[in-house]
Amino acid sequence: MSSRGFSVELQALRGIAALIVLVAHCASAVALPGGIGPFRFILNSGGAVVFFFVLSGFVLGLSLRSKPTTPENTVSYFVRRGFRIYPALILATLVGTLVCNHLALRADMSFGSEWLHIFYQQPIDGSKFVQAAAGFSAKANPPAWSIFVELICSLILPLLVFTARGTISAIAWGVALTSVSFLVGPHTVYAVAVYPLHFFAGATIPLWGPALAHAVTRVGRWATPAVLLLCGFAFFTARPGFLHALGHHHPLTAFVEMMVTVPVIALIYYGDKGIAALRAPAFASLGDISYSLYLLHFPIMVALLALASATFGAAAIAQAPIFATLALIGATTAVSIPASALAYAVVEKPFIAVGRQASGWLSPIVTQTLALAGLAPRRAD
C-alpha cells in the first residue's frame, strides 16, 4: 500500500529477494549429495532476479510518467540512474577482484560444487576490472550479469514508456518484446534480450494496476490475500518444478514468473491494505540495503570458503557438506548484512544524493548542448 509514491512493502520484498539469492548461492556452493534437492522450491534465485527486473521497471516507469516528456527530464533520468547503479557496482567489483586474485585462486576449493568451479578461474586484470566496473562483464562478480541487463533496459525504458501511453500502444510493444524475448533473447549476451519485456511489464502496471486492485478488493476481503498466495505458490514452484529442465535464462520460465509478479506488485502498491508484516523495521532496512547485499554477498561467500579451507582443510569440509553449507549460509548472512548496510550508508546514499544534485545542473547543460548540435529541440524562453 502506498499513498506517497513509495511502498515499504515492495522495498521489503526486494530485500527478501536479495536474501533468497544469497541463501541459494550458499546452498549451491558446496558439493552436496543430490544437490540442493527439494530446497530449490524455496530458493528460487532466478525468480528473485526476475522480480528485481519487473520491480525496477515499475519504479522507473512511475518516475518517468510523473514528469513531462522533455529532453531535460530524460537526461536527468539517465544521470540519476548512473549515480544509482555505478558506485555500488564499482565497490563490489573491487571487492570481487581482491577476493578472486588473493583468495579464491590460491585456495583449495576441491569441496566445491560444479557450479562454484565455473567462477573465479582466472585472475582479474586491469582490463577485466574496467569492463566489470562498467557493467559489461560479470567476471569480477558473477551476480553482476543482471546489472548489465539493468543498464541496457534502463537505457531503452524511456522510449518504451513515452511511446506506450495508451492500451493499444502498450499491447503492441508487449507483443513485440515478447517476440524478441522468445526468438532472440536466449542467444544474446547474458540473455539480455529476454528481459526488456519484464521491465516494460513493470512499467505498464500504472496503466492497469489501480483497476485490478479495485476489482479484486470489490470481490471481498479474502480476495487479495488469495491472489497473493496463489501468485506466490506459482512463483516458487514453476521454475524449480515443471519448468526446471528449461535452464536458467529460458524465456518461458521468466515469462511465467513475470506474469505472477506483476499482479503482486499491483495489488501491494495500489491495494487498500498492503501487507502489514512487510512494514516491520527489519524488513524495511533489508530493503534499503538490498542492492549492496545482492552485489557483495558472492565475493564475501567465496572469501569465507577460502578462509575455511585454509583453516579447516578442504577434506574436512568435503566430509561434512551439509554442516558446511549451513555454516556458510549463517556466516555469509552475518557478514554480508552489516557490510551491505555500511556500503549503503557510505556509498549508495551519498551518491544517490549527488545524482539528484548533478541531474539538476547537468541536465540543462546537456540539453542545451544537444540543441546546439541539432539533436534536441531548443527550449523556448
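Reader: Which residues form a nonpolar patch on the surface, and with about how much accessible area together?

Author: Val180, Phe182, Leu183, Val184, Leu246 and Leu252 form the patch, with about 480 Å² of accessible area together. Patches take residues with over 30% relative accessible area and no salt bridge; nonpolar side chains (Val, Leu, Ile, Met, Phe, Trp, Tyr) are joined within 5 Å, like charges within 9 Å. Areas come from the Shrake-Rupley method with a 1.4 Å probe, and for residues only the protein chains shown count as cover. Helix H6 (residues 167-183) gives the most to the patch, with three residues. The model is predicted: local features need pLDDT of at least 70, side-chain atom pairs count only at pLDDT 80 or more, and totals for chains, interfaces and linings use all residues. Residues are numbered from 1 along each chain as its sequence is written, and side-chain values use heavy atoms, with hydrogens and water left out.

Reader: Why is Val184 called partly exposed?

Author: Buried means under 20% relative accessible area, exposed over 50%, and partly exposed in between (1.4 Å probe, protein chains only). Val184 has 41% relative accessibility, so the residue counts as partly exposed. Val184 sits in the loop between H6 and helix H7 (196-203).

Reader: What is the confidence of the chain, as mean pLDDT?

Author: The mean pLDDT, the predictor's confidence in each residue from 0 to 100, is 91 for the chain, and 93% of its residues reach 70 or more. Helix H12 (residues 290-312) has the highest confidence, at 98, and helix H14 (residues 321-372) the lowest, at a mean of 90.

Reader: How many helices and strands does the chain have?

Author: There are 14 helices and zero strands. Helices (H or I, at least four residues) and strands (E, at least two) are DSSP runs, numbered from the N terminus.

Reader: What makes the radius of gyration of the chain agree with a compact globule?

Author: The radius is taken over C-alpha atoms, and the globule rule is 2.2 Å times the number of residues to the power 0.38. For 381 residues a compact globule would have a radius near 21 Å; the chain has 22 Å, which agrees. Buried residues make up 49% of the 381 residues.

Reader: Why is the pair of Phe58 and Tyr270 called edge-to-face?

Author: Rings of Phe, Tyr and Trp (its six-membered ring) pair if their centres lie within 6.5 Å; planes under 30 degrees apart count as stacked, over 60 as edge-to-face and the rest as tilted. The whole structure holds 17 aromatic pairs. In this one the centres are 6.4 Å apart and the planes stand at 80 degrees, so the pair is edge-to-face. Phe58 lies in helix H2 (residues 45-65) and Tyr270 in helix H10 (residues 251-270), 212 residues apart. Phe58 is buried, at 1%, whereas Tyr270 is partly exposed, at 23%.

Reader: How do you know that Arg81 and Glu150 meet in a salt bridge?

Author: A salt bridge needs a side-chain nitrogen of Lys or Arg within 4 Å of a carboxyl oxygen of Asp or Glu. The N to O distance for Arg81 and Glu150 is 2.6 Å. Arg81 is in helix H3 (residues 71-102) and Glu150 in helix H5 (residues 145-162), 69 residues apart. Both Arg81 and Glu150 are buried.

Reader: Which residue forms a salt bridge with Arg84?

Author: Glu348 does, the closest N and O atoms being 2.7 Å apart. Glu348 belongs to helix H14 and Arg84 to helix H3, 264 residues apart. At 2% relative accessibility Glu348 counts as buried, while Arg84 is partly exposed, at 26%.
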